[in-house]
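Q: Could you take a look at this one with me? I have a few quick things to ask before I set anything up.

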Amino acid sequence: MVPLKRRKLGSSHTGNAGTNSGDEVKFPQVVLFLLERKMGASRRAFLSQLGRKKGFQVQELFSEIVTHVICENNSGEEVRTWLDSQASSRPGAHLLDISWYTESMRAGQPVEILDRHKLQELQISEAEVIMFSVPSYACQRRTSLENHNTPLTEALSLLAENAELSEDDGRGVAFRRAAAVLKALPSPVTSMSQLKGLPCLGEHSLRVIKDILENGSSIEVESTKNSERYNALKVLTGIFGVGSKTAERWIRAGIHSLHQLQDSGQTLNRAQQAGLEHYDDINQPVTKAEADVIGEIVEKAVVSVLPGAQIVLTGGFRRGKLTGHDVDFLITHPEEGREVGLMSKVVSWLESKGFLLYQKTTRNSYLESKDGPGRPASNIDRFERCFSIFKLAKEKETRTKDPQEVTENRVSAETDQNPNSDKLMNKQTDTPWRAVRVDLVVSPISQFAFALLGWTGSKLFERELRRWAGHERSMSLSSHALFDNKKGRYLRASSEEEIFAHLGLEFILPSERNA
Ligand code: CTP
Ligand code: MN
Ligand code: MN
């Protein structure tokens, strides 16, 4: 094999050796390249030979010296995509149909280029190629749920997920940012040239995008998707309470599946036991209708134990998603301090009615005086919170006119018969209830706007808000507060709008935070 570089040099600088060997070059300014795509190798070889005989320079390899690209049965779009994928090309190179070539052969010289010779795409002209432009921070953009580039964003998200599962967060964020840029575009990407100047598209992401635009899929994505490791990590982290570190440790011990985990005798903590027991339910998406039913139950619990307390649906459902992996709620009381101790009362209420299959409550550990300026806003907030698994009656049980009825979990008695049976393998799918992951967070009213903003997501949107605050405004944003590092003081806010204003950002609706 001759290295590519030398082959290229050979064909362009050494008297066209290998291209016009023996044949006289009559038209030195015209350098042709015949695209093999759709033309086929043998026809291309035949036509090239013919051209050289007639004194044309016909290149074997494409490079920036090519002035005329000749194609057969290719659309302008296809050729443009192919051209963009080349290391370098001459800016004004003609993209021509084979008819120009055959007519030139017949004439014995290059014929005048007429409109009918040009590939359709050239007539559209560069000015009409849709070029995109988006600001670089996701929190400066409006990202609705309408995604015009699903094949590309799904591929990049899968690589992001794989990186995160492999504890490579830097790479994970890079892919997430790239996917988020594509999610914000107003129409589908059709050619690489449209992406020029867009932020956050690194070399790796661009390579993946190019593969998909050109070949319909990316080998890297496909092989990741089919890899044993990725699939094992996905299955194991699908267990509530199992993170990538634990999954990794199990995989090293030869555990790739739930069966193998069960047979392995690994000790599971309480969360993981519950996660394994309710594996199928928890990995089945939660619908908005189910979220609403749970909302009614939680509201009932909250007002029963503290009249006047308020709950808000946060997370993906607040952003307008129709399904989610869990349901998130934020609870507060309009009078500062009244919320203290609220979570344990709510949890007791829910437990007494049989609504909880699992819960773990964490106390509020945030103290402004201690956690304030000195400490940077941490990604993990310290509200009083509860990660739980709800026992939700299936639809026919909840369809009732009497709101009183949803406050009693009437299905509990009939299903508690086999508490720790081997549910996973021979789980009854006809139980009258399903398990649903629910997150509850309690915030004092003074921090409510920050908590609401912080728990609405998306995760990338939140991350970008904090990055913007730090890098562009010298501020620290958390789900508790906003600290101005230059002024050396907290900036108060009682609404999300005020926080965006403090940050010098346009207000973005929750439904536009789906970055
Ligand atoms: N969050 C957080 N701290 C956690 C977990 C979550 O601040 N320990 C925040 C996330 O940053 C996100 C929001 O809570 O903004 C919701 O997180 P999550 O439920 O994981 O994601 P959703 O966007 O709701 O997606 P899904 O619909 O799949 O649940
Ligand atoms: Mn959620
Ligand atoms: Mn959540």
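**Metal site and a helix pair**

A: To begin with the metal, the donors of the manganese ion (ligand 3) are spaced along the chain as D-x1-D-x110-D, and please keep in mind that this is a predicted model.

Q: Which residues coordinate the manganese ion (ligand 3)?

A: The manganese ion (ligand 3) has Asp326 (OD), Asp328 (OD) and Asp439 (OD) as its coordinating residues, at 2.0 to 2.3 Å.

Q: And what are the protein donors of the manganese ion (ligand 2)?

A: Those are Asp326 (OD) and Asp328 (OD), which lie 2.0 to 2.1 Å from the manganese ion (ligand 2). Asp326 bridges this ion and the manganese ion (ligand 3), the two being 3.6 Å apart.

Q: Is Asp326 buried or exposed?

A: Asp326 has a relative accessibility of 6%, and because buried means under 20%, Asp326 counts as buried. Asp328, at 8% relative accessibility, counts as buried too.

Q: Switching topic, how do H6 and H7 pack?

A: Helix H6 (residues 150-165) and helix H7 (residues 169-183) pack at an angle of about 165°, with 8 Å between their axes. Angles over 145 degrees count as roughly antiparallel, and therefore H6 and H7 are roughly antiparallel to each other.

Q: What handedness does the crossing have, and which residues make the contact?

A: The crossing of H6 and H7 is left-handed. The contact includes Leu152, Leu156 and Leu159 of H6, together with Phe175, Ala178 and Leu182 of H7, and the residues of this contact divide into nine nonpolar, three polar and six charged.

How values were computed: Residues are numbered from 1 along each chain as its sequence is written. Chains are lettered from A and ligands numbered from 1 in the order in which they are written. This is a predicted model: local features need pLDDT of at least 70, side-chain atom pairs count only at pLDDT 80 or more; totals for chains, interfaces and linings use all residues. Side-chain values use heavy atoms; hydrogens and water are left out. Axes are lines fitted to C-alpha atoms, for helices over the stretch in contact, and angles run from 0 to 180 degrees between N-to-C directions. Helices (H or I, at least four residues) and strands (E, at least two) are DSSP runs, numbered from the N terminus. Angles under 35 degrees count as roughly parallel, over 145 as roughly antiparallel, 65 to 115 as roughly perpendicular and the rest as oblique. A crossing is left-handed if the near helix is turned anticlockwise from the far one by less than a right angle, and right-handed if clockwise. Contact means heavy atoms within 4.5 Å. Ala, Val, Leu, Ile, Met, Phe, Trp, Tyr, Cys and Pro count as nonpolar, Asp, Glu, Lys and Arg as charged, and the others, Gly among them, as polar. Donors are N, O and S atoms within 2.8 Å of the metal (3.2 Å for Na, K and Ca); water is not among the atoms, so sites may look incomplete. Buried means under 20% relative accessible area, exposed over 50%, partly exposed in between (1.4 Å probe, protein chains only).
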